[in-house]
Amino acid sequence: QVQLVESGGGLVEAGGSLRLSCAASGGTFSSARMGWFRRAPGKEREFVASIRWSDSKLVFGRDSMKGRFIISGEGTNNTVALQMNSLEPQDTAVYYCAATPRNPDNVWRYWGQGTQVTVSL
């Protein structure tokens, strides 16, 4: 059974940085994409960023994320990281790692348990 495990969340002051990491384990697993979502208190889950292994295509949920967040990873070992810079209080949320299978490659089938990111003023 595939498991995604996140690490790296925590408390940081506004303007600071955090790096989230995620690794997949369990069974025979090969993903087409891996990425990050987040859910802020009282809000719906939001797409943050993803990377597609076949062509290294990066997609970001918002333009503001593209300038502050860096997504990277390694498809061969199903790991993905999210470097978050210039963090703002509005970035406070639980961040989830997710992955798609090879086929279909547009279904976020696998999810981590989430890691809390809190940005204080």
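Two rings of Phe, Tyr or Trp (for Trp, the six-membered ring) count as a pair if their centres lie within 6.5 Å. By that rule, this predicted model holds 3 aromatic pairs. Let's walk through some of them, then move on to the disulfide.

**Stop one: Phe-37 and Trp-108**

Select Phe-37 and Trp-108 and show their side chains. The ring centres are 5.3 Å apart and the planes meet at 80°, so this pair is edge-to-face; the label applies to planes over 60 degrees apart. Now colour by secondary structure. Phe-37 belongs to strand S4 (residues 31-39), while Trp-108 sits in the loop between strand S9 (93-101) and strand S10 (110-111), so the contact ties together parts that are 71 residues apart in sequence.

Is Phe-37 buried or exposed? Phe-37 is buried, because its relative accessibility is 9% and the cut-off for buried is under 20%. Trp-108, at 22%, counts as partly exposed.

Trp-111 is partly exposed, with a relative accessible area of 30%.

**Stop three: the cluster and its arginine**

Together, Phe-37, Phe-47, Trp-108 and Trp-111 form a cluster linked by ring pairs. Next, pick Arg-45 and turn the view until you look onto the face of the Phe-37 ring. Arg-45 lies over that face, 5.5 Å from the ring centre.

**Stop four: the disulfide**

Clear the selection and look for cysteines. How many disulfides does the model contain? The count is 1, and the bond joins Cys-22 to Cys-97, with an S to S distance of 2.0 Å. Cys-22 is in strand S3 (residues 18-25) and Cys-97 in strand S9, so the bridge links parts of the chain that are 75 residues apart.

Zoom in on the two sulfur atoms. The torsion about the S-S bond is about -75°, so the disulfide is left-handed.

Finally, bring the surface back for these two residues. Cys-22 has a relative accessibility of 3% and counts as buried. Cys-97 is buried too, with a relative accessible area of 0%.

Key:
Residues are numbered from 1 along each chain as its sequence is written. This is a predicted model: local features need pLDDT of at least 70, side-chain atom pairs count only at pLDDT 80 or more; totals for chains, interfaces and linings use all residues. Side-chain values use heavy atoms; hydrogens and water are left out. Rings of Phe, Tyr and Trp (its six-membered ring) pair if their centres lie within 6.5 Å; planes under 30 degrees apart count as stacked, over 60 as edge-to-face and the rest as tilted. Helices (H or I, at least four residues) and strands (E, at least two) are DSSP runs, numbered from the N terminus. Buried means under 20% relative accessible area, exposed over 50%, partly exposed in between (1.4 Å probe, protein chains only). A charge sits over a ring if NZ of Lys or CZ of Arg is within 6 Å of the ring centre and within 35 degrees of the ring normal. A disulfide is a pair of cysteine sulfur atoms within 2.5 Å.
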